[in-house]
Amino acid sequence: MCTAATFNSKCHYFGRNFDYEISYDEEIAIVPRNYELSFNHVDNLKNHNAIVGIAAGVIKDYPLFYDAVNEKGLGMAGLNFENYAVYSSDIVDNKNNIAQFEFIPYVLGMCDTVDEARDLINNINITNESFNPKLPASELHWMLSDKTGKSIVVEFTKDGIKIYDNNVGVLTNAPSFDMQTFNLNNYLKISNKQPDNVIDKDFESFEYSRGMGAIGLPGDYSSMSRFVKTVFVRGNSIAKDDEISCVNQFFHILNSVEQPKGATFVSEPDLYEYTIYTSCMNLDEAVYYCKTYDNFSISKIDLLKEDLDSDELKFFKLAKENFD
């Protein structure tokens, strides 16, 4: 399971927690403008937007992105949508037929903004083709954000394609985004301020703790609880008007729902879901930040300072140790 969010302050920020029980040797990948992106059913992109993000490190000749941002400030992340995602087994005429694993590089390679992405996606048919037998098509839905502050969620379901405006700036996992946002109605009374006594005027209330306004805020690791908590934390977050403060605050937002090893059991013998990495993208400046479970230090890649006209993929290992 995963959590994605935006944060608008000095700049527009977007990123996610990647929560899973196993790692595919994730690395930061840079796709320069002239690296040819190949697709199964549409024309290859020989020239396109440059992209930086985290991809599966076990594949070195194709960027299997989990999340990424392009040079124009459009960010995109795929999150688990198990039992809800439905892809096509057929090739559809008059549609751009894109395999699930091709979706992020295709959209980020072609589009500069959320509005452009929405128009492109409306004409896409996502196929259930796998990258290879060991990497079947993942059941995902996607969140996109840009430097104008716009954000959308894209879901391919049994009822067809759904594109939602994401005004709360958060995405987790199943159920569908409209159900997640409807559930927020159950938490309208939660506040960051100490509560007033409204239960009984004759009851002599006592504020025995700070932070009592947030009583009732979910604290478990289910997708619906993480959605509510992230909306609350994001909506009450403040930061100074400088890059360090904003980036730190963004990581703190996602840290509020990160998963420690051992807290969420998956299967025998000893598989537990945990937050493998957390990313933060400055969409205004095309800068990609990340930190890993075992390293609290934040790594930084400034895409616009790279050789964007190259035709070769570039990979960076994630820093996975915090101590000497």
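This is a predicted model: local features need pLDDT of at least 70, side-chain atom pairs count only at pLDDT 80 or more; totals for chains, interfaces and linings use all residues.
User: How many disulfides does the structure hold?
Analyst: A disulfide is a covalent bond between the sulfur atoms of two cysteines. In this model, two cysteine sulfurs must lie within 2.5 Å to be counted as such a pair. For Cys-11, the nearest cysteine sulfur is that of Cys-246, 7.0 Å away, and for Cys-290 it is that of Cys-280, 10 Å away. The number of disulfides in the structure is zero.

User: Is Cys-290 buried or exposed?
Analyst: A residue counts as buried when its relative accessible area is under 20%. Cys-290 has a relative accessibility of 1%, so Cys-290 is classed as buried.

User: Which residue forms a salt bridge with Glu-27?
Analyst: Side chains of opposite charge can pair when their charged atoms come close. Here the closest N and O atoms of the pair are 2.8 Å apart. Glu-27 lies in strand S3 (residues 27-31) and its partner in strand S17 (residues 314-317), so the contact ties together parts that are 290 residues apart in sequence. The partner of Glu-27 is Lys-317.

User: Of the residues Lys-317 and Glu-27, which one is buried?
Analyst: Lys-317 has a relative accessible area of 69%, so Lys-317 is exposed.

User: How many residues apart in sequence are the parts tied together by Lys-10 and Glu-285?
Analyst: The side chains of Lys-10 and Glu-285 meet in a salt bridge, at 3.6 Å from N to O. Lys-10 lies in the loop between strand S1 (2-8) and strand S2 (12-20), and Glu-285 in the loop between strand S14 (271-282) and strand S15 (287-292). The parts that this pair ties together are therefore separated in sequence by 275 residues.

User: Which residue is linked with Lys-10 and Glu-285 in a network of salt bridges?
Analyst: Lys-10 is partly exposed, at 32% relative accessibility, and Glu-285 is also partly exposed, at 34%. The network that holds both of them includes Glu-243.

User: What accessible area do Phe-206, Tyr-208 and Ile-215 have together?
Analyst: These three residues form a nonpolar patch on the surface. One of them, Ile-215, is found in the loop between helix H3 (177-183) and helix H4 (223-235). Ile-215 is exposed, because its relative accessible area is 54%. Together, Phe-206, Tyr-208 and Ile-215 have an accessible area of about 420 Å².

Key:
Residues are numbered from 1 along each chain as its sequence is written. Side-chain values use heavy atoms; hydrogens and water are left out. Patches are made of residues with over 30% relative accessible area and no salt bridge: like charges are joined within 9 Å, nonpolar side chains (Val, Leu, Ile, Met, Phe, Trp, Tyr) within 5 Å. Accessible areas come from the Shrake-Rupley method with a 1.4 Å probe; for residues, only the protein chains shown count as cover. A salt bridge is a side-chain nitrogen of Lys or Arg within 4 Å of a carboxyl oxygen of Asp or Glu. Helices (H or I, at least four residues) and strands (E, at least two) are DSSP runs, numbered from the N terminus. Buried means under 20% relative accessible area, exposed over 50%, partly exposed in between (1.4 Å probe, protein chains only).
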